[in-house]
Structure formats: C-alpha cells, structure tokens
Amino acid sequence: MSQVRPILDVRELRVEYMSPSGPVVAADNVSFHIDPGEVYGLAGESGCGKSTVALALLRVLGPPAVITGGQVFFNDTDVLRLDDRELEQYRWRDVAMVFQSAMNSLNPVMKIGDQIIDALQAHEQMSTRAARERVKELLQIVGIDPRRIDAYPHELSGGMRQRAVIAMALALNPPLLIMDEPTTALDVVVQQEIMQQLSDLKSQFGFSVLFITHDLSLLVEFSDRIGIMYAGEIVEEAPAKELFKDPKHPYTFGLMHSFPLVHGPRRALTGIPGAPPNLLDPPSGCRFHDRCALAFAPCPLQRPQLIQLPGDRQVACFLHDGVHDFDTSTAMQARIDEADLVGAHR
Amino acid sequence: MTAQEPLNGEVLLSVRNITKFFPVGGMFGRLQLRALSDVSFDLKRGRVLALVGESGSGKSTAARCVARLIEPSGGEIWFRGQNILQTEKKSASLEYRGDVQMIFQDPFGSLNPVKTIDHTLRRSLQIHKKAHRGKDATDKVRSLLNSVGLAPAEQFIDKYPYELSGGQRQRVSFARALAVEPEVILADEPVSMLDVSIRMGILNLMERLKEDRGLSYLYITHDLASARYFADETAVMYGGQMVEGAESEELVKHPAHPYTQRLLDAVPDPLAEHGERSGHQRWEPPILVDPPPGCPFAPRCPYVMPVCREVMPGPTHLNDQHWVRCHLHGSGDIAVPMAAD
Amino acid sequence: MSLQIPVLELESEEVREIGTGLQGPEQSQWARVRNWAPSWIAPLFHSKKAIVGMVILLIYIALAILAPVISPGDPKAFVARPHLPPSSAHWLGTTGLGRDVWAQTIWGARFTLEIGFLVGIATTVVGCVVGMSAGYFRGRIDDVLSLFMNIFLIIPTIPLLVVLAAFVGSKDLAYFVAVLTLTGWAWPARVIRSQTLSLREKDFVAASVVVGEKGWRIIFREILPNMLSIIVASFIGSTIFAIGAQAALEFLGLGNPGRVSWGTNLYWAQNDAGLLTGAWWTFVPAGVCIALVAFAFAMINYGVDEITNPRLRARSGIDKVLKERKVKTTGTRATPVVQQRSVS
C-alpha cells in the first residue's frame with residue numbers, strides 16, 4: 001500500500017437512476033483511490049458505469065440520477081456534503097473535466113478565448129486583460145498558436161478543439177483532471193499527439209488524471225494503474241502493465257484478448273460471447289457469470305467481493321481467494337483451445 | 001457457374017483510376033473538394049482487402065463509389081468483364097445490386113427504426129426474387145438469421161431495431177446483405193461503433209461467412225490493427241490517394257511509405273513504456289479543397305523533397321505484392337534501392 | 001456567474017445505454033394501448049395536455065355531428081326579438097336579426113370544423129408530395145419546387161384571399177378549400193422537405209438503395225413512416241391556420257353571409273352593431289369557440305411534441321418519481337445525495 005495520502009478517495013460509491021419501474025443501479029459499491037501525480041485508468045464497455053462515476057465525482061449528473069451511498073473525499077473534503085457554493089469552488093479549481101466530445105464542451109457561437117476567459121473569471125478575480133494574457137499562455141502550453149485566441153470552434157480541427165478543451169480544464173491548475181474518452185473521436189495520429197502533450201503537461205504541472213476510455217491499449221500504455229468496470233462494479237484493479245500481462249479476472253482476460261495489435265505476434269482472438277447485461281435486471285450472483293468460461297458453483301449465487309492480492313492488485317472473483325494463486329490466463333487459454341471458442345462464438 | 005467465373009484469388013471487381021470531386025464553397029466561384037484521386041484496387045474472390053486511412057483519406061467515399069451510392073467524377077469500375085460506369089450509366093442495375101452489397105458503420109442508423117427485422121429481411125429477398133411469398137420467405141428469413149448467429153430466429157423476427165443490441169443489429173445488417181446472395185461485401189467500418197468485446201465476434205462471423213460462401217470483402221477501417229487481423233491485403237490511403245499496399249503482415253512489418261510508418265507509430269502499444277516514443281510534429285488534416293499539386297502528404301512528411309510538391313509519383317513495386325507511391329522509392333515502376341532510414 | 005459546465009441529461013453514450021434500458025417498461029405500457037390504436041396515436045394518451053386537447057375537440061365534433069339533435073330546426077329562423085340577452089328560453093340570447101345564438105353556435109361548428117379538417121388534410125397531402133419529392137430527389141427538382149414554395153410563402157395570405165374572393169362568385173365549400181390550400185400548402189411542404197433531407201442522409205436509406213429499392217418505395221414506405229409525427233404536427237398547424245383564416249375571411253364579409261358558421265356569426269354580430277349596443281352574447285360565443293378549438297389543437301400538438309422528443313417525456317416522468325421517493329431536489333442542479341438504503 002502506498003504511504004502517500006491519496007488525492008481522491010472514493011469509497012463504496014453508489015449511483016442509481018430512478019426509473020418508473022424501479023431504481024437502476026448504475027454504479028455499485030465502487031471504491032478506488034488516486035495518488036498525487038498518478039494516472040488512473042477506468043476501463044469498461046458501454047453501460048459499465050465509468051462515465052456515471054466520473055460525472056458523480058463532480059456532482060453534475062442530472063436527473064434521474066441520485067447518489068445513494070458511499071463517500072468521495074478530495075484531499076480532506078467530503079465532496080458529497082458540499083453545498084452549491086462550495087461545489088462551484090470545488091469544480092474546476094480542484095477537479096476539472098474534459099468531456100467526451102469537444103463539441104459538447106465548446107459553445108459554437110463563442111470564441112474559444114472568450115470561453116476560457118469565462119472559466120477563469122468565474123473562479124478568480126481577474127481583469128479581462130489579465131485573463132486574456134493567461135489564456136494566451138494556456139493556449140501556448142497546450143500547443144495552440146496563441147494568435148488563435150479569437151477563433152471559433154468550427155474554425156479549428158478536431159485535435160485543436162480537444163486541445164482547447166484541455167486548456168480550459170487546466171486554466172485554474174487543478175490537481176486532478178478527469179478525462180472521459182477525450183480522444184475517441186480523433187484520428188489515431190492526433191490521439192498520439194494529444195496523449196504526448198498530456199504527458200508533457202503532467203510532468204510540468206504534476207496533476208493526477210482519471211482517464212476513462214474503452215480503448216484498453218491506450219490505457220495500458222499511458223496509465224499507472226487501471227480499474228476495470230463491468231455492470232457498475234469494479235471487478236479488477238492493478239498496475240497497468242501487470243494487468244495486461246497477467247489479468248486475473250476472466251472479463252479482463254476477455255477484454256485483453258478483444259483487440260488486435262499491430263506490433264508483436266498475430267493472435268487469434270475470440271472476444272467475449274454475449275452482451276453486457278441490462279441493468280434493470282442484472283444476472284444473479286456475479287454479474288459476469290453468464291458470459292464467463294470459468295464460471296463454477298458459487299458464481300450464480302453470490303456476488304464476489306473485491307479481495308486484495310499481492311502487488312497492489314485487487315480482484316472480485318471467486319477464482320481468487322487471496323491465498324492461493326490462480327493463473328487465469330492459462331485456464332482461459334485451455335478453455336479456448338479445448339472448446340474451440342473461436343468457432344463456437346462466430 | 002459459367003466458364004468465366006473467377007476462381008478463388010481471381011479478380012472479381014476492379015476499380016481503376018477513380019476520382020471524385022465535390023463542389024463546395026460559396027455561390028460564385030465554386031471550389032472543388034477532391035475526395036478521391038487516381039484510386040485503383042482489385043477485389044479478389046475469397047480474399048479481404050482492407051482500405052486503411054483516417055478522416056479525409058477518402059476510404060468511405062471509395063466504398064460508396066463501388067456501391068454506386070455516389071458517382072465517381074472519372075475512372076472505371078470493372079465487374080464481370082464490363083465497365084459498369086459505362087454500361088449502367090444512370091444507376092446500378094438490379095444484377096449489380098444483387099452482387100455487390102454494403103454494410104454500414106452505425107448499427108443504430110442502418111436499420112429502419114419503424115420496421116421489424118422480418119420486414120427488412122423480406123424486402124431484400126423479395127426485391128431480388130430470392131423467395132416466394134409466404135412460407136418460403138419465412139423459412140429463408142429464419143435461415144438467414146441463423147447463419148449470422150441470431151438463433152433462435154423466432155426471438156428476433158418480430159423485433160424492432162431498438163430492441164436489439166448494437167452487435168445484434170450489425171448481424172441483421174449482414175443478414176440483409178446476404179439475402180441477395182452477393183459476391184462482394186463492402187464493409188464500411190462495421191465494428192467501429194461496437195463494444196470492444198463484441199467486435200471480435202462480428203469479425204469472426206465475417207471470416208466464417210467468407211469461407212462458407214466464397215465472399216470477397218472490401219474492409220474499410222481506420223484501425224490498422226484490425227486490418228492486420230482480418231484482411232489478407234491492406235492498402236493505405238491519405239488525402240484521397242492510395243499511397244501503399246501490401247499483404248497485411250508485410251505492410252505492418254515493413255512499411256515503406258512515411259505515412260504508413262507514422263500510422264504504425266501512432267497506434268497505442270501496450271507493450272511500450274509510458275512516454276517512450278518521441279515527440280512529433282503538429283498534425284493537421286490534409287488539404288482537400290483546391291489541393292496543391294504533388295503528394296498530399298508533402299506538408300507533413302519528414303523526408304519531403306522538392307519533387308514531392310510537384311508530382312505525385314506512380315506506384316513502385318518493391319516486390320510482388322508490395323507497392324508504394326513515394327519518391328523515396330522511385331517515381332514509376334522501377335524499384336530504387338530504399339533510402340537509408 | 002456560474003460556469004457553463006453542461007449538465008448531462010441522458011447525453012453520454014453510457015447514459016444513453018442506460019436510458020435505452022429505461023424505455024423497456026414504458027414500451028410495454030404503450031403495447032397495451034397499441035393493441036387498439038395505431039402505434040403513432042397511442043403515445044398521445046400518455047400526455048395530459050394531449051388528452052385535454054382531444055377531449056375538447058371531441059366535444060366540438062360531437063356537437064357538430066349532433067347539431068340536428070341538440071338544436072333542431074333552422075338556425076337562421078327568426079325566433080324572438082333581436083338582441084335579447086341570455087335567458088332560459090334562449091340560452092345565449094338572440095342576434096341582431098332575431099336568431100337564436102345557441103343554435104347558430106352549434107350549427108356553426110359544422111362548417112368551421114369541416115373546412116378545418118379538409119384544408120388540413122389537403123395541405124398536408126400536397127405538402128408531403130411536394131416536400132418529400134424536393135427533399136429526396138434534390139437537384140433540379142428541388143430547385144424548381146423550392147422556388148414555388150418560396151413564392152407561396154412570401155405572398156401575404158389575407159390580401160391574396162381578398163383578391164381571389166373578389167374574382168370568384170359563389171363561395172362554396174370547394175372554393176374555400178381550394179383557396180386556403182393554395183395559400184397554406186407551402187409551409188408544411190417546407191417543414192416536410194427539411195425532415196426528408198435529414199432522414200435521407202441516414203444509413204438505412206442508403207442501405208435500402210444498395211439493396212435495390214426503387215425511389216418511390218423508399219420515400220413512401222421507408223422514409224414517410226419515420227416522419228409521421230412531423231406530418232401530424234403540420235396537419236394540426238394547417239388546421240388551426242384554416243380555421244383562423246376562414247373566420248377572418250367571413251368576418252370581412254368575403255364569405256357567404258347566408259351560411260351559418262362561426263365566422264359569419266361574427267360578421268353579423270359586427271354588422272348588426274352588436275358591439276355598439278353591448279350585446280356581448282352575439283359575438284363572444286363564436287369567438288370563444290374558435291379560440292377553444294385552436295387551443296385544443298395546440299394542446300394535441302404539445303402531446304405530439306412529447307412523442308417526438310422523448311426527453312420532454314422523461315423529464316415529467318422523472319420529477320414525479322423523485323417526488324414519490326421523497327428525494328430532496330434542493331432546486332440546485334447538483335446531483336442529489338441520498339443517505340438512505342434504496343429499495344431494490
């Protein structure tokens with residue numbers, strides 16, 4: 001366990017959506033922490049709850065969402081107990097967010113410079129002239145020519161717009177940056193540049209990042225630790241490279257074997273049969289058991305709890321009891337070979 | 001099967017020197033957006049050709065030209081020994097539509113939301129007279145659903161698209177295409193909008209269908225990794241031009257064009273260390289409106305030479321299957337020893 | 001001034017996935033109604049506003065149909081002294097010509113509603129054909145049709161109606177329907193054209209083309225069913241327009257004063273100095289009826305809006321649910337925190 005006090009500590013967070021037919025639990029008992037200067041990746045497919053968690057951390061989820069349990073601590077502040085005025089200070093100054101598509105964050109009828117000035121002046125007493133200077137600095141830092149301060153969003157390319165959004169997020173130098181699929185809509189070359197820029201900025205300013213995406217190869221390359229979410233729960237957490245080389249949870253294994261690589265040997269891939277569950281009516285017991293090749297007796301009956309494993313790892317799976325070591329990769333590979341899962345799930 | 005039916009590996013459909021211009025810009029002095037320039041490729045029976053490129057590369061436009069959804073501004077498309085752009089000038093014939101089908105990227109938009117799956121599949125069958133009304137059609141619909149992995153078919157027949165998941169909808173799109181018994185399927189980013197764990201299922205389905213029915217695929221994607229996984233041959237496009245083509249494994253191992261090299265470098269590599277790769281120049285999309293002469297990659301190319309800004313090189317064959325259009329390797333069809341990296 | 005952080009309401013892909021899941025039970029409610037109503041009408045029954053509108057409209061339709069039963073006799077008959085105030089003998093008094101206002105109002109509903117519906121249907125049909133052709137085929141066809149649309153949109157309605165009225169002798173039903181359709185088709189055509197243009201870009205239309213469907217089939221069997229709510233909305237708009245324009249024409253004396261309709265009632269009220277003598281009962285009923293019918297159609301339109309924009313529906317449903325579960329929405333936009341065990 002790390003000795004440094006984490007900058008973000010999420011404990012048993014629970015978020016529900018109130019629907020006419022009952023509550024849908026979008027995030028259930030989610031616990032993780034982020035250390036200062038760390039990049040924490042949150043991965044999962046659609047409906048797993050990762051975006052819900054991110055938005056809940058800033059308390060910007062609209063109705064019908066309600067936070068029904070758990071605690072969120074930013075340094076020593078209990079985020080869930082903040083009132084509106086305190087939340088306004090917390091947002092952007094302590095924690096800033098880069099949303100999925102820059103077009104969601106940028107006002108198309110406002111110049112980008114003005115939007116960032118808005119953000120600055122909302123939180124700090126600053127004359128417009130001073131704010132403008134600061135914005136030019138920020139644009140420079142994120143790699144936009146400062147002379148484009150008066151450009152409208154549609155005059156910039158996709159990569160530029162995303163950089164502008166990052167500039168807006170960094171305007172107040174927040175210690176924690178949440179990024180929700182920031183590069184998904186961008187070409188891979190632009191994505192690489194943005195990620196490079198982000199690394200440089202992180203080295204320069206020392207902020208932490210909560211990076212949310214479904215692109216696992218990107219996460220494994222850029223994160224320090226990764227949490228895998230499935231159907232609203234964290235099912236595994238480990239240092240990034242460890243997770244890739246030795247996934248403990250069968251879902252993680254399945255995910256790691258769902259994307260082909262350009263480098264390295266060519267592998268036969270299977271994906272994961274079935275589809276993510278409907279959260280209105282999730283499977284009994286372990287939510288993954290109906291798609292799991294290694295499911296056995298307890299899996300449909302009880303929900304496994306997150307267990308600590310050596311090497312700063314956690315996993316929620318009955319195959320792992322924290323005492324005996326279970327090699328998920330070998331077991332899954334054996335199953336694939338013997339059942340020819342590749343053929344069965346075409 | 002006539003004597004002229006191509007055998008496995010033989011050329012089914014040949015695209016030659018296609019260009020496409022779109023008029024853009026104000027009322028007067030219309031500008032031209034050059035979406036495709038001198039694009040040529042062959043589709044072979046039982047083989048998959050991937051067209052890889054990013055936004056603005058023209059890969060989707062090329063597919064839509066082959067699908068006759070848009071008309072090229074110039075060039076030829078040869079199918080069954082005829083240039084169909086000449087023989088079917090105004091619009092594609094029903095025969096052509098019965099041979100060349102297309103799958104679209106968005107599983108949520110490619111099925112009519114107010115029609116049941118049954119209706120959608122039946123129309124395919126009826127238009128091409130592949131089934132008689134009534135029981136024959138019902139049986140064929142069932143068998144189509146089974147062949148794309150949607151079983152039991154009864155569960156899906158009367159559903160509306162919104163009741164199915166993304167992966168299921170794409171399978172229905174495949175069923176719709178298969179109903180006409182095509183020779184060629186143009187797949188425009190068929191898995192880009194699906195969840196990661198489901199993509200493999202769809203790609204494996206495509207593989208199985210290819211083997212069972214001798215299909216030929218044009219696989220459009222921005223993801224070089226999935227092209228390597230699924231396609232036999234891969235061609236890279238940039239700014240409306242084809243810049244390199246080879247067997248997929250060869251392309252990934254020995255990329256010759258600087259753009260291909262850049263692409264490969266940019267793909268996230270889980271095995272690489274954090275921040276290991278060197279910084280690169282600012283990336284801007286290629287200029288497509290009123291483009292300057294020469295190679296469209298010239299403004300971004302680390303190895304650019306004066307001739308690159310004047311003339312677009314012809315293809316140079318590096319070996320039997322591997323060609324590249326780059327002055328570093330030659331300007332025509334004579335292979336020049338590669339410049340030192 | 002607070003920061004423009006977008007409060008995402010069912011926006012991000014993941015939340016949309018969850019939102020799709022939420023549709024499930026609602027759909028089953030619809031299924032019940034769907035059994036006896038076409039699928040695009042059924043959702044109307046879920047909107048309070050639409051129900052109010054439909055009830056009012058149905059009452060008026062009933063009055064119009066049952067006019068001979070409710071108020072037998074000739075509504076133009078002389079029944080009592082002119083300008084009598086409402087009494088038990090004549091519920092709404094008498095007009096300046098000694099006619100029973102109640103009878104005039106009931107019988108007046110007939111012509112007015114007839115015109116409204118007929119013109120509504122006619123303009124919608126013309127609008128569909130023209131708008132969809134322009135939107136789907138584009139190119140030259142679109143250029144020509146759009147030119148016509150724009151011309152008819154620019155021409156001011158009432159002056160055109162006045163000019164036409166001066167030239168035509170007999171002002172029968174066909175005349176009014178023709179004239180009002182002529183002035184009213186362009187606006188629905190434009191709306192439908194826009195919608196067709198945007199639907200045309202959808203992949204399922206491209207897929208239909210690639211599968212080999214012919215143009216006309218695509219327009220009417222694939223695209224049109226996706227536009228029903230817009231078409232219904234423009235029908236409603238046209239009907240309101242027709243009723244209003246009709247009344248205006250008749251009030252100006254350009255209709256047939258011998259016919260009994262709400263518009264002519266107003267014409268006679270003004271003609272016989274109803275306003276000057278303070279005989280409010282001669283013009284208030286007709287005016288109120290026109291307003292109520294327009295109001296009813298507008299309410300139905302709200303209901304149609306809620307169908308086309310599911311978010312409006314979701315909002316009203318959600319506020320109700322939150323209230324039931326006693327979650328304090330403190331009037332802020334921050335996600336509410338509830339420190340209680342939720343019911344599973």
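Which orientation do helix 9 of chain C and helix 10 of chain C have to each other, roughly parallel or oblique?

Guide: Bear in mind from the outset that this is a predicted model. In it, helix 9 of chain C, residues 203-211, and helix 10 of chain C, residues 215-223, pack with their axes 11 Å apart and at an angle of about 140°. An angle over 145 degrees would count as roughly antiparallel, and one of 65 to 115 as roughly perpendicular; helix 9 of chain C and helix 10 of chain C are therefore oblique to each other. Their crossing is right-handed. On the side of helix 9 of chain C, the residues that meet the partner helix are Val205(C), Ser208(C) and Val209(C), while helix 10 of chain C brings Ile218(C), Glu222(C) and Ile223(C) to the contact. Sorted by class, the contact between these two helices has four nonpolar residues, one polar residue and one charged residue.

Helix 4 of chain B (residues 117-127) and helix 7 of chain B (residues 166-178) pack at an angle of about 25°, and their axes are 8 Å apart. Angles under 35 degrees count as roughly parallel, and helix 4 of chain B and helix 7 of chain B are therefore roughly parallel to each other. The crossing of this pair is right-handed. Ile117(B), Thr120(B), Leu121(B) and Ser124(B) in helix 4 of chain B meet Val172(B), Ala175(B) and Arg176(B) in helix 7 of chain B, and the residues of this contact divide into four nonpolar, two polar and one charged.

Chain B also has an open sheet, in which eight strands follow the order 6-7-8-3-9-10-12-11 with mixed pairing. Its edge strands are strand 6 (100-103) and strand 11 (316-317) of chain B, each of which pairs on one side only. Strand 11 of chain B pairs with strand 12 of chain B (residues 323-324) in the antiparallel sense over two bridges, and His317(B) stands opposite Trp323(B) of strand 12 of chain B.

Chain A touches chain B as well, with 40 residues of chain A in contact with 40 residues of chain B. The elements that give two or more residues to the side of chain A are helix 7 (188-205), helix 8 (216-222) and helix 10 (250-256) of chain A. The largest share of that side, eight residues, comes from helix 7 of chain A, and the residues of the side divide into 17 nonpolar, 17 polar and six charged.

Within its own chain, helix 7 of chain A packs with helix 6 of chain A (residues 158-170) at an angle of about 20°, the axes being 10 Å apart, and that makes helix 6 of chain A roughly parallel to helix 7 of chain A. Helix 6 of chain A passes helix 7 of chain A in a right-handed crossing. The contact is made by Gly158(A), Gly159(A), Gln162(A), Arg163(A) and Leu170(A) of helix 6 of chain A, and by Val190(A), Glu193(A), Ile194(A) and Leu201(A) of helix 7 of chain A. Four nonpolar, three polar and two charged residues make up this contact by class.

Finally, there is the sheet of chain A, an open one with mixed pairing, whose eight strands are ordered 6-7-8-3-9-10-12-11. Strand 6 (95-98) and strand 11 (307-309) of chain A stand at its edges with a single partner strand each, so one side of each is left without a neighbour in the sheet. Neighbouring strands of this sheet are turned against each other by 20° on average, direction ignored. Strand 9 (residues 225-230) and strand 10 (residues 233-239) of chain A run antiparallel and are joined by six bridges; the bridge partner of Met229(A) in strand 10 of chain A is Ile234(A).

Technical notes:
Residues are numbered from 1 along each chain as its sequence is written. Chains are lettered from A and ligands numbered from 1 in the order in which they are written. This is a predicted model: local features need pLDDT of at least 70, side-chain atom pairs count only at pLDDT 80 or more; totals for chains, interfaces and linings use all residues. Axes are lines fitted to C-alpha atoms, for helices over the stretch in contact, and angles run from 0 to 180 degrees between N-to-C directions. Helices (H or I, at least four residues) and strands (E, at least two) are DSSP runs, numbered from the N terminus. A crossing is left-handed if the near helix is turned anticlockwise from the far one by less than a right angle, and right-handed if clockwise. Two residues are in contact if their C-beta atoms, placed from the backbone, lie within 7 Å. Ala, Val, Leu, Ile, Met, Phe, Trp, Tyr, Cys and Pro count as nonpolar, Asp, Glu, Lys and Arg as charged, and the others, Gly among them, as polar. Two strands pair if DSSP finds at least two bridges between them.
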